[in-house]
Amino acid sequence: MVENDASEDSKKGMKVGGALGEMFRTAFQRPITKKYPFGAAQVAERFRGKLDIDPVKCTGCGVCEAVCPASVIQMVHTGTRKVGTREIETKRPTFDLYTCISCGQCVDDCRFEALRLTHEFELATVDKKSLVMDKALKVVN
Ligand code: SF4
Ligand code: SF4
């Protein structure tokens with residue numbers, strides 16, 4: 001019983017010693033608290049923020065629309081183009097980013113690498129139409 005008490009006291013002493021060591025080690029360091037929103041926020045390398053598209057790379061294949069679990073993407077008719085003797089419909093995606101959950105599924109499945117998730121995350125707005133991304137409609141391939 002006495003031995004156990006001594007062992008407990010020893011453990012407590014080590015904990016206090018460790019805490020004091022940590023206190024002295026950090027006493028003269030600068031605070032690591034981020035000043036956001038008064039300073040720039042730093043996000044992790046793999047942070048998944050606002051979706052973006054490179055309209056030139058997009059071929060209008062429609063895979064992103066098919067895989068999106070949040071129904072963010074709609075393919076819009078943009079015209080027709082001739083392939084051999086056939087006239088085929090061309091389409092490009094639009095994105096209602098206010099419902100995007102940044103899951104990255106469309107990015108992973110776009111084989112033309114037209115999509116990426118940026119580090120942008122300040123998306124709050126009173127005008128949700130400002131979060132409609134339709135820039136792929138303006139490029140005709
Ligand atoms: S963004 Fe990619 S997956 Fe979506 S339509 Fe364009 S090429 Fe296809
Ligand atoms: S990141 Fe996810 S939720 Fe957002 S558009 Fe792509 S598939 Fe849809």
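Leaving aside neighbours within four places in sequence, Cys64 is in contact with Ile73, Pro93, Cys106, Asp109, Cys110 and Leu115. The model is predicted. Several of these names return below.

**The core**

The largest nonpolar core holds 15 residues. Cys64 is among those with the most contacts inside this core, along with Ile53, Ile73, Phe95, Cys106 and Leu115.

**The ligands**

Cys64 also belongs to the residues that come nearest to ligand 1. Cys106 is one of those that come nearest to ligand 2. The table sets out both surroundings.

| Ligand | Residues around it | Nearest residues |
|---|---|---|
| Ligand 1 | 13 residues | Cys58, Cys61, Val63, Cys64, Cys110 |
| Ligand 2 | 13 residues | Cys68, Val72, Cys100, Cys103, Cys106 |

What classes of residue make up the shell around ligand 1? Ten are nonpolar, three are polar and no residue is charged. The shell around ligand 2 has ten nonpolar residues, three polar ones and no charged ones.

**The strands**

Strand β2 spans residues 73-83, and strand β3 spans residues 86-96. They run antiparallel, joined by ten bridges. One pairing sets Thr80 against Glu89 in β3. The hairpin of β2 and β3 has two residues between the strands. There, Gly84 takes a positive phi near 65°.

Methods
Residues numbered from 1 in each chain as written. Chains lettered and ligands numbered in written order. Predicted model: local features only at pLDDT ≥ 70, side-chain atom pairs only at ≥ 80, totals over all residues. Near = placed C-beta within 6 Å. Nonpolar A, V, L, I, M, F, W, Y, C, P; charged D, E, K, R; others polar. Pairing = 2+ DSSP bridges. Helix = DSSP H or I, 4+ residues; strand = E, 2+ residues; numbered from the N terminus. Core = buried A, V, L, I, M, F, W, Y, C linked by C-beta atoms within 7 Å. Buried ≥ 20, exposed ≤ 12 C-beta atoms within 10 Å, placed from the backbone. Contact = placed C-beta atoms within 7 Å.
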